[in-house]
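Please look through the sequence and the structure that follow, and keep both in view while reading. The notes after them are grouped by topic.

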Amino acid sequence: MGRMAGKVALVTGAASGIGRACALVLAREGARVFAADVDDDGLAGTCALAGGEPAMAAIRLDVTSEAAWAEAVGEVERRAGVLHALVNNAGLCIAAPLLETTTEVWRRQQAVNLDGVFFGTRAALPLLAQAGGAAIVNVSSVAGLTGVPGLSAYCATKGGVRLFTKAVALECAAARIGVRVNSVHPGAIETPIWAKMQSDGRLDPGSNSVEDLMAGTREAAAHATPLGFPGAPEDIAEGVLYLCSDSARFVTGAELVIDGGVFAA
Ligand SMILES: NC(=O)c1ccc[n+]([C@@H]2O[C@H](COP(=O)([O-])OP(=O)(O)OC[C@H]3O[C@@H](n4cnc5c(N)ncnc54)[C@H](O)[C@@H]3O)[C@@H](O)[C@H]2O)c1
């Protein structure tokens, strides 16, 4: 029997990369998954890979919108009646030195990476608390544990996610509502975010092809990673699965680093 059999999960940023892998791994382990994103085509691709409903359903959700969160959680409640796992994964990374970081770029990353996690956690917590055992996993970054030059705005959001996670974990524990809350900190994972981060957060690389941007980052990531290669989205998804599952029943407020050894140095 799957490790998520009989459970219902909601994954944000599920149209691509790590979110897609999380949705597919949770579905593989028997969860009924609601895959949420603003990218309809990508979401359709994720759902098709899982064989469509009832294993997986797409929900259009802009995580920066409180109203959209209320609708999405309402839809999960209407259709499934329960929610056991929320994976706050949607994210945006825009590389820029501090003096070139515009207020708009700062706010756009705050809105998706930090407001999105806050809105999602607050909106879903009442439903999660009714499940009799549930988990929230917030996808932060190694850039939420240490400073990275050229990523100050992104680091600020991911550091915020790390401590938000711990505070909510302690509140939930004290309230005895059976909701565990943990963060995951990926190192360099090969996803389209590598191309987007050099192109104002969008897959619009201008004169450079996406593959050129990916190849450059792949090489740099391999050099910077003690294991000698970048991670795959599934490497993160397996950690997220553990934290969502009952195997992690004694784990809350923790930070799971999955980075090929970078943080050991
Ligand atoms: N790939 C890495 O190297 C890496 C490293 C550390 C942390 N992370 C984190 O992992 C998470 C997933 O990133 P990824 O690498 O899979 O990137 P990705 O670009 O492949 O996927 C991000 C997804 O988030 C979605 N998204 C963006 N804004 C949204 C919004 N407002 N509402 C809903 N969905 C939205 C995008 O449409 C996309 O499908 C992010 O939080 C990222 O910061 C990634």
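Which residues are exposed on the other side of H7? In this predicted model, they are Asp-212, Glu-219 and His-223.

**Helix H7**

- Within H7, the residues Leu-213, Met-214, Thr-217 and Ala-221 are buried.
- An α-helix has 3.6 residues a turn, so residues three or four places apart point the same way.
- Helix H6 (193–196) is included in what covers the buried residues of H7.

**Aromatic rings**

- The count of aromatic pairs comes to two.
- One of them joins Phe-118 and Phe-119 in a tilted arrangement, with 5.5 Å from centre to centre and 40 degrees between the planes.
- The rings of Phe-118 and Phe-164 form an edge-to-face pair, because their planes stand at 90 degrees, while their centres are 6.4 Å apart.
- This pair links distant parts of the chain, since Phe-118 belongs to helix H4 (residues 103–129) and Phe-164 to helix H5 (residues 152–175), 46 residues apart.
- Through ring pairs, Phe-118, Phe-119 and Phe-164 are linked into a cluster.
- Phe-119 counts as buried because its relative accessibility is 11%, whereas Phe-118, at 34%, counts as partly exposed, and Phe-164, with a relative accessible area of 22%, is also partly exposed.

**Nonpolar cores**

- The largest nonpolar core holds 33 residues, and those with the most contacts inside it are Val-11, Leu-26, Val-33, Val-240 and Cys-244.
- Among the elements that give two or more residues to this core are strand S1 (8–12), strand S2 (32–37), helix H2 (40–49) and helix H8 (233–244).
- Helix H1 provides the largest share of this core, namely seven residues.
- Val-33 touches Ala-9, Val-11, Ala-23, Leu-26, Ala-27, Ala-55, Met-56 and Ala-57, when residues up to four places away in sequence are not counted.
- Another core, of 32 residues, lies apart from the largest one, and it includes Leu-10, Val-76, Leu-127 and Ala-131.

Conventions: Residues numbered from 1 in each chain as written. Predicted model: local features only at pLDDT ≥ 70, side-chain atom pairs only at ≥ 80, totals over all residues. Heavy atoms only, no water. Buried < 20%, exposed > 50% of the residue type's maximum accessible area, 1.4 Å probe, protein only. Helix = DSSP H or I, 4+ residues; strand = E, 2+ residues; numbered from the N terminus. Contact = heavy atoms within 4.5 Å. Phe/Tyr/Trp six-rings, centres within 6.5 Å; stacked < 30°, edge-to-face > 60°. Core = buried A, V, L, I, M, F, W, Y, C linked by side-chain atoms within 4.5 Å.
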